[in-house]
Amino acid sequence: RLDDNRISTIAEVSLQDLTNLKRLVLDGNLLNNNGLGERVFMNLINLTELSLVRNSLTSPPANLPGTNLRKLYLQENHMNYVPPNAFADLTQLYRLDMSTNNLTSLPQGIFDDLDNLTQLFMRNNPWYCGCKMKWVRDWLQSLPSKVNVRGLMCQAPERVRGMTIKDLNTELFDCRDRSDVNTIQVTTTTMLNTLLPAQGHWPVPVTKQPEIKPPDLSKVYRTTPIPVRKIITINVKSTTVDTIHIYWKLALPMTALRLSWLKMGHSPVFGSITETIVTGDRTEYLLTALEPESPYRICMVPMETSNIYLSDETPVCIETETAPLKMHNPTTT
């Protein structure tokens with residue numbers, strides 16, 4: 001263990017002979033990507049656990065040993081970028097933690113080589129759930145139930161803030177295919193005479209009007225989304241200064257529901273999002289230990305089983321506020 005020192009640089013030759021090393025803990029140092037030699041971990045062929053928690057990395061270290069590495073801890077750094085090949089060939093890795101960083105998106109296919117991944121923790125990152133993250137939703141929904149993923153919850157844009165990425169409908173990613181929009185443009189193309197003009201005369205422009213194509217009548221141009229049936233109705237009531245009573249009605253029977261709540265205005269790095277699973281036979285839940293006179297966003301989404309979500313349902317969210325300390329008047333939202 002070399003944790004909680006002030007190590008800022010590790011040269012490539014420093015670890016090259018430690019081929020039998022199985023566990024390396026470098027937590028709480030001053031390491032950044034420039035301070036790590038490009039191949040510093042490459043010869044640690046028997047390493048099973050690498051921990052770089054509480055350093056200053058802006059991306060995962062390069063050339064990780066892929067032969068036997070099973071646990072990789074990268075929490076509490078400054079990572080804002082993950083290269084597409086960051087985890088290439090880490091076929092034995094089963095636990096990966098990148099919580100409490102500055103990650104907003106992930107490159108498509110970043111987890112493709114992680115054949116044995118069963119624990120993925122990504123809490124407290126400011127995930128931006130735009131079109132680039134749609135593949136993550138699809139990947140999450142394809143995972144077997146043995147894979148435990150935590151922390152992939154949207155922080156932006158505002159319309160999906162507080163929602164789990166796995167729960168989002170395709171429309172919420174706003175992936176508009178511009179090729180589907182048949183736009184008629186009228187332009188004027190000017191072609192100049194390529195012959196040299198007589199002295200004292202400007203070239204004479206020749207104007208060609210392009211052919212205007214009418215809309216393709218075989219296509220259906222949708223101007224508004226098809227409404228989705230709302231199967232959850234949520235009501236909330238501030239019962240005390242630090243509790244909120246949630247009760248709901250279901251239009252269809254459900255095995256379970258995911259309930260999440262977020263204090264509005266909190267930075268995601270402080271872990272303000274909380275979630276739990278409630279069984280389908282319940283109709284109410286009491287949130288406790290909340291902050292007085294504070295706004296909260298509460299979301300629910302139905303589940304078919306304990307780990308498989310309905311793919312065609314949008315989370316239902318509601319916003320409310322806890323009562324002030326000096327005056328408590330229960331209200332229903």
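Colleague: Which side chain meets arginine 137 in a salt bridge?

Modeller: Aspartate 138 does, at 2.7 Å from N to O. A salt bridge here is a side-chain nitrogen of Lys or Arg within 4 Å of a carboxyl oxygen of Asp or Glu.

Colleague: Nice. Before I go on, what are the ground rules for this one?

Modeller: This is a predicted model, where local features need pLDDT of at least 70 and side-chain atom pairs count only at pLDDT 80 or more, while totals for chains, interfaces and linings use all residues. Residues are numbered from 1 along each chain as its sequence is written, and side-chain values use heavy atoms, with hydrogens and water left out.

Colleague: Good. Back to that pair: is arginine 137 buried or exposed?

Modeller: Arginine 137 is buried, with a relative accessible area of 5%. Aspartate 138 counts as partly exposed at 33%. The cut-offs are under 20% relative accessible area for buried, over 50% for exposed and partly exposed in between, with a 1.4 Å probe and protein chains only.

Colleague: How many salt bridges turn up in the whole structure?

Modeller: A search of the whole structure finds five. Among them is arginine 54 with aspartate 4, whose closest N and O atoms are 3.1 Å apart. That pair links distant parts of the chain, 50 residues apart: arginine 54 sits in the loop between β2 (49-51) and β3 (71-73), and aspartate 4 in the segment before β1. Arginine 54 is partly exposed, at 36% relative accessible area.

Colleague: And what does glutamate 49 pair with?

Modeller: Glutamate 49 meets arginine 23 in a salt bridge, 3.2 Å from N to O. Glutamate 49 lies in strand β2 and arginine 23 in strand β1, so the pair ties together parts that are 26 residues apart in sequence. Glutamate 49 counts as buried at 12% relative accessibility, whereas arginine 23 counts as partly exposed at 43%.

Colleague: Let's switch to the fold. How many helices and strands are in the protein chain?

Modeller: One helix and 15 strands. Both are DSSP runs numbered from the N terminus: helices are H or I with at least four residues, strands are E with at least two.

Colleague: What is the strand order in the six-stranded sheet?

Modeller: The open sheet runs β1-β2-β3-β4-β5-β6, with parallel pairing. Two strands pair if DSSP finds at least two bridges between them. β1 (23-25) and β6 (148-150) stand at the edges with a single partner strand each, so one side of each is left without a neighbour in the sheet. Neighbouring strands of this sheet are turned by 5 degrees against each other on average, direction ignored. The axes behind that angle are lines fitted to C-alpha atoms, for helices over the stretch in contact, and angles run from 0 to 180 degrees between N-to-C directions.

Colleague: How many bridges join β5 to β6?

Modeller: Three, with β5 covering residues 119-121 and running parallel to β6. Phenylalanine 121 has arginine 150 in β6 as its bridge partner.

Colleague: What about the three-stranded sheet, is its pairing parallel or antiparallel?

Modeller: Antiparallel, in an open sheet with the order β9-β10-β13. The edges are β9 (232-240) and β13 (284-287), each with a single partner strand, so one side of each is left without a neighbour in the sheet. Four bridges join β10 (residues 243-250) to β13, and tyrosine 247 stands opposite glutamate 284 in β13.
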